[in-house]
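This report concerns the arrangement of domains and the packing of helices in one protein. The sequence and the structure are shown below.

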Amino acid sequence: MTTPVSRDLFQQVMVPTYNPMAVVPVRGIDSRIWDQNGSDYIDFAGGIAVNALGHGHPALIDALTRQAHQLWHVSNVFTNEPALRLARALTQATFADQVFFANSGAEANEAAFKLARRFGVRTGGDEKHEIVAALDSFHGRSLFTVSVAGQPKYSEGFGPPMAGIRHVAFNDIAALEANVSSRTCAVVVEPILGESGVIPARRAYLQRARELCDEHGALLIFDEVQTGMGRLGTLFAYEHFGVLPDVMTLAKALGCGFPLAAMLATKDAAQYLGPGTHGSTFGGNPLACAIGEAALSVINQPSVLRGVKVRHKYLMSALAVIGKRFDLFQEVRGIGLLLGCALTERWKGHSQHVMRHFLEHGVMVLQAGPDVIRLAPSLIIPMEEIDIGLCRMFETAKTLSLEAD
Ligand SMILES: *Cc1c(COP(=O)(O)O)cnc(C)c1O
């Protein structure tokens with residue numbers, strides 16, 4: 001046995017970018033996780049909307065182990081079967097004609113933004129390079145993606161940010177109209193603001209974004225890193241809203257826990273990233289793509305997508321009851337299995353504290369900013385695990401309400 005690791009070791013050997021909880025999870029099945037001490041947790045967090053098929057799904061383990069015995073990596077100098085198979089499946093299942101593979105959401109968005117810039121400069125000259133993005137959005141942590149996302153806390157202190165970005169208030173049609181012009185190469189939107197409070201876009205807003213892009217010859221980019229792969233009860237959020245983008249980015253649940261991301265585009269848009277314009281060593285890795293193909297085929301089944309809607313209704317009403325009874329949540333919102341519980345006045349600003357209490361009572365949840373508790377569980381979380389999780393949430397809320405009195 002090697003020396004056991006604990007939270008203390010983190011402080012010693014990790015760059016201090018994160019501040020993880022003391023609990024050290026070591027094993028998971030379905031939506032239940034065990035820590036080093038053998039305590040169990042119901043996983044309503046889903047690894048931040050990543051573990052869309054829970055933990056230890058047999059189809060994913062099978063895809064991974066099969067591919068592990070075949071071929072791990074060949075480089076993009078050669079074509080590989082799993083990448084082409086997944087690209088074909090993704091294009092068959094979506095508006096898109098072509099795919100670029102990457103390893104993270106930030107990279108998929110980086111590809112989308114670089115594509116938008118090339119497209120703009122080629123079709124409208126150097127002036128046409130502006131990207132219009134929403135305030136409080138999140139697109140990843142590379143310098144380009146933090147510059148595009150309108151959150152100063154992620155972009156300040158790193159020297160000059162990327163220029164040519166216009167930020168508009170989310171869901172504000174007038175602001176969009178005032179900022180999209182012939183200089184715009186792309187409008188980028190998260191169909192639901194995930195990190196910033198689980199706030200769904202209004203359909204009219206997305207429709208207007210589509211119209212403005214058409215009027216001004218700009219690309220509409222949907223960042224579906226969090227909302228894609230069945231999360232909303234449709235395979236992708238654009239289907240839920242009935243608005244077609246030109247470019248869509250995916251990551252999180254695409255590999256269900258294995259690093260995998262993709263930028264999908266129409267052929268018209270994709271042509272602007274010709275040979276040599278962009279690339280990635282690991283993007284399209286055979287192991288990742290084999291898992292992605294298995295994940296897509298499991299998730300893209302009517303029964304699974306229907307199951308998301310059933311679980312949505314069930315969780316929404318139970319969470320509303322708990323929230324009301326213990327004066328913890330003033331609103332429960334969201335679509336499918338991306339849910340936000342907005343904290344009441346007395347708990348506002350304390351989502352971290354509330355989340356820690358849930359964990360102590362055996363439930364993993366997430367924050368979405370200081371005022372909102374977010375749930376993004378497995379799309380196939382067993383109903384009995386939902387019930388256990390809800391019971392534990394009920395007990396936690398009760399304890400919290402006593403603490404507040
Ligand atoms: C998580 C997320 C990203 C970033 O993905 P990484 O894999 O962490 O780079 C980008 N956009 C959205 C909407 C996300 O939720």
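Which domains does the domain assignment of the protein give? The assignment gives domain 1, made of 7-56 + 302-404, and domain 2, covering 71-299. The model is a predicted one.

**Contact of the domains**

The C-alpha centres of domain 1 and domain 2 are 27 Å apart. To their contact, domain 1 contributes 25 residues and domain 2 contributes 26 residues. The size of an interface is often given as the accessible area lost when the parts come together. Between domain 1 and domain 2, about 2,100 Å² is buried, and 66% of this area lies on carbon and sulfur atoms. On the side of domain 1, the residues that lose the most area to domain 2 are Leu305, Ile335 and Leu338, which together account for 30% of what that side buries.

**Packing of helices**

| Helix pair | Axis distance | Angle |
|---|---|---|
| Helix 13 (residues 302-325) and helix 15 (residues 383-404) | within 10 Å | roughly 15° |
| Helix 4 (residues 81-93) and helix 12 (residues 286-299) | within 8 Å | roughly 30° |
| Helix 3 (residues 58-70) and helix 12 | 9 Å | about 150° |

The axes of helix 13 and helix 15 cross at roughly 15°. Helix 13 is therefore roughly parallel to helix 15, and the crossing is right-handed. Helix 13 makes this contact through Arg311, Tyr314, Leu315, Ala318, Leu319, Ile322 and Arg325, while helix 15 supplies Met383, Ile386, Asp387, Leu390, Met393, Phe394 and Ala397. By class, the contact of helix 13 with helix 15 comprises 11 nonpolar, no polar and three charged residues.

Helix 4 and helix 12 form a left-handed crossing. On helix 4 the contact involves Pro82, Ala83, Arg85, Leu86, Ala89 and Leu90, and on helix 12 it involves Pro286, Cys289, Ala290, Gly292, Glu293 and Leu296. The residues of the contact of helix 4 with helix 12 are nine nonpolar, one polar and two charged.

Helix 12 also packs with helix 3, at an angle of about 150°. Because angles over 145 degrees count as roughly antiparallel, helix 3 is described as roughly antiparallel to helix 12. Helix 3 passes helix 12 in a crossing that is right-handed. Ala59, Leu60, Ala63, Leu64, Gln67 and Ala68 of helix 3 meet Pro286, Leu287, Ala290, Ile291, Ala294, Ala295 and Val298 of helix 12. The contact of helix 3 with helix 12 has 12 nonpolar residues, one polar residue and no charged residues.

Definitions and conventions. Residues are numbered from 1 along each chain as its sequence is written. This is a predicted model: local features need pLDDT of at least 70, side-chain atom pairs count only at pLDDT 80 or more; totals for chains, interfaces and linings use all residues. Side-chain values use heavy atoms; hydrogens and water are left out. Axes are lines fitted to C-alpha atoms, for helices over the stretch in contact, and angles run from 0 to 180 degrees between N-to-C directions. Helices (H or I, at least four residues) and strands (E, at least two) are DSSP runs, numbered from the N terminus. Angles under 35 degrees count as roughly parallel, over 145 as roughly antiparallel, 65 to 115 as roughly perpendicular and the rest as oblique. A crossing is left-handed if the near helix is turned anticlockwise from the far one by less than a right angle, and right-handed if clockwise. Contact means heavy atoms within 4.5 Å. Ala, Val, Leu, Ile, Met, Phe, Trp, Tyr, Cys and Pro count as nonpolar, Asp, Glu, Lys and Arg as charged, and the others, Gly among them, as polar. Domain bounds come from an automatic or database domain assignment. Buried area is the accessible area (1.4 Å probe) that two parts lose on being put together, summed over both.
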